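I set out to record what I looked up in this structure, entry by entry.

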Amino acid sequence: MSDPTNPDLAAIYPPPNERVIAKVRPSLDAHSRKFIAMSPFCVIATSGTEGSVDASPRGGHPGFVHIDGDRRLLLPDRPGNNRLDTLRNVSDGSGQVQLIFFVPGINETLRVGGTASLSTSPELLARLQEFGKPPRSVLVIEVQEIYFHCGKAIMRSKLWSAEAQVPRSAMPSIGEIIHDQTALGTPEPQEVTDARWRDQL
(Lines give C-alpha, C1' and ligand atoms only; values in the text may rest on other atoms or scores of the structure.)
Protein backbone atom coordinates (compact mmCIF):
# COMPACT_ATOMS: atom_id res chain seq x y z
CA MET A 1 0.00 0.00 0.00
CA SER A 2 1.44 3.39 -0.96
CA ASP A 3 2.22 5.97 1.69
CA PRO A 4 0.13 9.13 1.05
CA THR A 5 2.62 11.23 3.04
CA ASN A 6 5.57 10.09 0.92
CA PRO A 7 4.10 9.24 -2.49
CA ASP A 8 5.90 7.78 -5.46
CA LEU A 9 5.96 10.87 -7.68
CA ALA A 10 6.80 8.85 -10.77
CA ALA A 11 3.52 7.01 -10.32
CA ILE A 12 1.56 10.26 -10.17
CA TYR A 13 3.24 12.49 -12.74
CA PRO A 14 4.38 11.68 -16.27
CA PRO A 15 7.99 12.54 -17.16
CA PRO A 16 8.64 16.00 -18.63
CA ASN A 17 8.88 16.19 -22.39
CA GLU A 18 12.20 16.67 -24.12
CA ARG A 19 11.72 20.40 -24.69
CA VAL A 20 11.25 21.05 -20.96
CA ILE A 21 14.66 19.52 -20.31
CA ALA A 22 16.33 21.00 -23.39
CA LYS A 23 15.27 24.57 -22.59
CA VAL A 24 17.61 24.72 -19.58
CA ARG A 25 20.68 26.71 -20.64
CA PRO A 26 24.04 27.01 -18.84
CA SER A 27 24.37 30.75 -19.46
CA LEU A 28 22.41 33.84 -20.46
CA ASP A 29 21.30 34.08 -24.07
CA ALA A 30 19.77 36.93 -26.07
CA HIS A 31 16.24 36.19 -24.81
CA SER A 32 17.12 35.96 -21.12
CA ARG A 33 19.33 39.06 -21.31
CA LYS A 34 16.46 41.05 -22.85
CA PHE A 35 14.02 39.77 -20.23
CA ILE A 36 16.30 40.73 -17.31
CA ALA A 37 16.88 44.15 -18.87
CA MET A 38 13.08 44.72 -18.90
CA SER A 39 12.45 43.31 -15.43
CA PRO A 40 11.74 45.69 -12.51
CA PHE A 41 11.13 42.87 -10.00
CA CYS A 42 12.44 39.48 -8.98
CA VAL A 43 12.31 37.07 -6.06
CA ILE A 44 15.59 35.62 -4.80
CA ALA A 45 15.77 32.39 -2.82
CA THR A 46 18.79 31.42 -0.74
CA SER A 47 19.73 28.62 1.63
CA GLY A 48 21.65 29.14 4.85
CA THR A 49 23.19 27.05 7.55
CA GLU A 50 21.21 24.26 9.21
CA GLY A 51 18.78 24.10 6.31
CA SER A 52 17.30 27.58 6.68
CA VAL A 53 15.71 28.96 3.51
CA ASP A 54 14.74 32.52 2.59
CA ALA A 55 12.86 34.04 -0.33
CA SER A 56 12.91 37.82 -0.66
CA PRO A 57 11.52 40.33 -3.18
CA ARG A 58 13.84 42.74 -4.96
CA GLY A 59 12.87 45.62 -7.20
CA GLY A 60 13.99 48.79 -8.93
CA HIS A 61 14.02 50.42 -12.32
CA PRO A 62 13.80 47.92 -15.22
CA GLY A 63 17.21 46.34 -15.53
CA PHE A 64 18.07 46.98 -11.86
CA VAL A 65 19.78 43.58 -11.92
CA HIS A 66 22.82 44.28 -14.07
CA ILE A 67 24.12 41.85 -16.68
CA ASP A 68 27.89 41.44 -16.55
CA GLY A 69 28.53 39.02 -19.38
CA ASP A 70 26.79 35.75 -20.21
CA ARG A 71 27.49 34.11 -16.86
CA ARG A 72 27.31 36.87 -14.28
CA LEU A 73 24.62 39.09 -12.75
CA LEU A 74 25.09 41.97 -10.32
CA LEU A 75 22.28 42.55 -7.82
CA PRO A 76 22.74 45.75 -5.77
CA ASP A 77 21.28 45.69 -2.26
CA ARG A 78 19.03 48.65 -1.47
CA PRO A 79 17.87 49.90 1.96
CA GLY A 80 15.42 47.54 3.63
CA ASN A 81 14.58 46.19 7.05
CA ASN A 82 18.19 45.20 7.89
CA ARG A 83 17.27 41.59 8.66
CA LEU A 84 19.89 40.63 6.05
CA ASP A 85 18.48 37.10 5.66
CA THR A 86 19.52 36.86 2.01
CA LEU A 87 22.97 38.34 2.57
CA ARG A 88 23.70 36.14 5.59
CA ASN A 89 22.58 33.04 3.72
CA VAL A 90 24.99 33.92 0.92
CA SER A 91 27.92 34.77 3.16
CA ASP A 92 27.42 32.01 5.74
CA GLY A 93 25.47 29.35 3.90
CA SER A 94 25.74 27.43 0.66
CA GLY A 95 25.90 30.45 -1.63
CA GLN A 96 23.35 28.76 -3.89
CA VAL A 97 20.69 31.12 -5.21
CA GLN A 98 17.64 30.94 -7.41
CA LEU A 99 15.94 34.00 -8.89
CA ILE A 100 12.63 34.37 -10.68
CA PHE A 101 12.28 37.50 -12.82
CA PHE A 102 8.94 39.10 -13.65
CA VAL A 103 8.04 41.62 -16.35
CA PRO A 104 4.65 43.34 -15.92
CA GLY A 105 2.32 42.38 -18.75
CA ILE A 106 4.28 39.26 -19.76
CA ASN A 107 2.96 35.95 -18.47
CA GLU A 108 6.22 34.02 -18.77
CA THR A 109 8.85 34.29 -16.03
CA LEU A 110 12.59 33.64 -16.10
CA ARG A 111 14.39 31.44 -13.60
CA VAL A 112 18.12 31.84 -12.98
CA GLY A 113 20.18 29.59 -10.73
CA GLY A 114 23.77 29.88 -9.64
CA THR A 115 26.14 30.72 -6.82
CA ALA A 116 26.50 34.13 -5.23
CA SER A 117 29.11 36.05 -3.30
CA LEU A 118 28.96 39.42 -1.57
CA SER A 119 31.06 42.40 -2.68
CA THR A 120 31.63 45.84 -1.20
CA SER A 121 34.13 46.92 -3.85
CA PRO A 122 34.05 50.76 -4.00
CA GLU A 123 34.31 50.64 -7.79
CA LEU A 124 31.38 48.26 -8.05
CA LEU A 125 29.22 50.24 -5.59
CA ALA A 126 29.86 53.46 -7.50
CA ARG A 127 29.01 51.76 -10.77
CA LEU A 128 25.62 50.56 -9.54
CA GLN A 129 24.09 53.75 -8.23
CA GLU A 130 20.31 54.03 -8.45
CA PHE A 131 18.01 56.79 -7.20
CA GLY A 132 21.19 58.84 -6.76
CA LYS A 133 22.71 56.52 -4.15
CA PRO A 134 25.18 53.62 -4.29
CA PRO A 135 24.16 50.29 -2.77
CA ARG A 136 25.72 49.14 0.49
CA SER A 137 26.73 45.85 -1.07
CA VAL A 138 26.33 43.87 -4.27
CA LEU A 139 25.47 40.22 -4.82
CA VAL A 140 27.69 38.85 -7.57
CA ILE A 141 25.83 35.89 -9.07
CA GLU A 142 27.67 33.35 -11.18
CA VAL A 143 25.02 31.91 -13.48
CA GLN A 144 24.81 28.11 -13.78
CA GLU A 145 21.41 27.63 -15.39
CA ILE A 146 18.54 29.63 -16.84
CA TYR A 147 15.17 28.74 -18.23
CA PHE A 148 11.84 30.32 -18.95
CA HIS A 149 8.72 29.20 -17.12
CA CYS A 150 5.54 29.02 -19.16
CA GLY A 151 2.85 31.54 -18.27
CA LYS A 152 0.35 29.15 -16.66
CA ALA A 153 0.81 30.40 -13.08
CA ILE A 154 0.45 34.06 -14.06
CA MET A 155 -2.48 33.29 -16.32
CA ARG A 156 -4.30 31.28 -13.64
CA SER A 157 -3.75 34.01 -11.07
CA LYS A 158 -4.66 36.79 -13.54
CA LEU A 159 -1.84 38.72 -11.94
CA TRP A 160 -1.62 41.37 -14.64
CA SER A 161 -5.37 41.66 -15.30
CA ALA A 162 -6.93 44.96 -14.25
CA GLU A 163 -10.17 43.24 -13.20
CA ALA A 164 -8.23 41.04 -10.76
CA GLN A 165 -6.62 43.96 -8.91
CA VAL A 166 -7.67 44.16 -5.27
CA PRO A 167 -8.51 47.62 -3.89
CA ARG A 168 -5.74 48.84 -1.59
CA SER A 169 -8.36 49.45 1.07
CA ALA A 170 -8.94 45.69 1.34
CA MET A 171 -5.84 45.43 3.56
CA PRO A 172 -4.50 47.71 6.29
CA SER A 173 -1.40 49.74 5.44
CA ILE A 174 2.00 48.22 6.21
CA GLY A 175 2.33 50.77 9.00
CA GLU A 176 -0.93 49.59 10.59
CA ILE A 177 0.05 45.93 10.22
CA ILE A 178 3.46 46.36 11.84
CA HIS A 179 1.94 48.54 14.57
CA ASP A 180 -0.62 45.84 15.39
CA GLN A 181 1.89 42.99 15.24
CA THR A 182 4.57 44.58 17.39
CA ALA A 183 2.80 47.02 19.74
CA LEU A 184 6.19 48.53 20.60
CA GLY A 185 5.15 52.14 20.61
CA THR A 186 5.78 52.65 16.91
CA PRO A 187 4.21 55.68 15.21
CA GLU A 188 0.48 55.58 14.65
CA PRO A 189 -0.43 54.33 11.14
CA GLN A 190 -1.24 57.78 9.79
CA GLU A 191 2.21 58.97 10.83
CA VAL A 192 4.09 56.34 8.82
CA THR A 193 4.75 58.55 5.83
CA ASP A 194 8.48 59.17 6.15
CA ALA A 195 10.50 57.06 3.71
CA ARG A 196 13.15 56.41 6.35
CA TRP A 197 10.56 54.72 8.59
CA ARG A 198 9.01 52.75 5.72
CA ASP A 199 12.44 51.31 4.95
CA GLN A 200 12.48 49.69 8.39
CA LEU A 201 9.26 47.81 7.78
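This is a predicted model: local features need pLDDT of at least 70, side-chain atom pairs count only at pLDDT 80 or more; totals for chains, interfaces and linings use all residues.

The entries below follow the order in which I consulted the model.

**Entry 1: helix 3.** I asked which residues are buried in helix 3, residues 30-38. I found S32, F35 and I36 to be buried. I then checked how these residues are placed around the axis: they cover an arc of only 95 degrees, which puts them on the same side of helix 3.

Entry 2: I looked up what covers the buried residues of helix 3. The cover includes strand 3 (66-67), strand 4 (72-77) and strand 5 (96-102). It also includes strand 6 (109-119) and strand 7 (137-149).

**Entry 3: aromatic pairs.** I asked how many aromatic pairs there are, and the count comes to two. One of them is formed by F35 and F148; I recorded it as edge-to-face, with 5.4 Å centre to centre and 85 degrees between the planes. This pair links distant parts of the chain, since F35 is in helix 3 and F148 in strand 7, 113 residues apart. F148, at 26% relative accessibility, counts as partly exposed.

I then turned to the rings of F41 and F102, whose centres are 5.6 Å apart. F41 lies in strand 1 (residues 41-47) and F102 in strand 5, so the pair ties together parts that are 61 residues apart in sequence. Is F41 buried or partly exposed? At 34% relative accessibility, F41 counts as partly exposed. F102, with a relative accessible area of 17%, is buried.

**Entry 4: partners of strand 7.** I looked up how strand 7 pairs with strand 4 and noted the antiparallel sense, over six bridges. Within this pairing I located L74, whose bridge partner in strand 7 is V140. Strand 6 is also joined to strand 7, by 11 bridges, and these two strands run antiparallel. There I noted V112, which stands opposite I146 in strand 7.

Note on methods:
Residues are numbered from 1 along each chain as its sequence is written. Side-chain values use heavy atoms; hydrogens and water are left out. Buried means under 20% relative accessible area, exposed over 50%, partly exposed in between (1.4 Å probe, protein chains only). Helices (H or I, at least four residues) and strands (E, at least two) are DSSP runs, numbered from the N terminus. The arc is that of the directions from the helix axis to the C-beta atoms. Contact means heavy atoms within 4.5 Å. Rings of Phe, Tyr and Trp (its six-membered ring) pair if their centres lie within 6.5 Å; planes under 30 degrees apart count as stacked, over 60 as edge-to-face and the rest as tilted. Two strands pair if DSSP finds at least two bridges between them.
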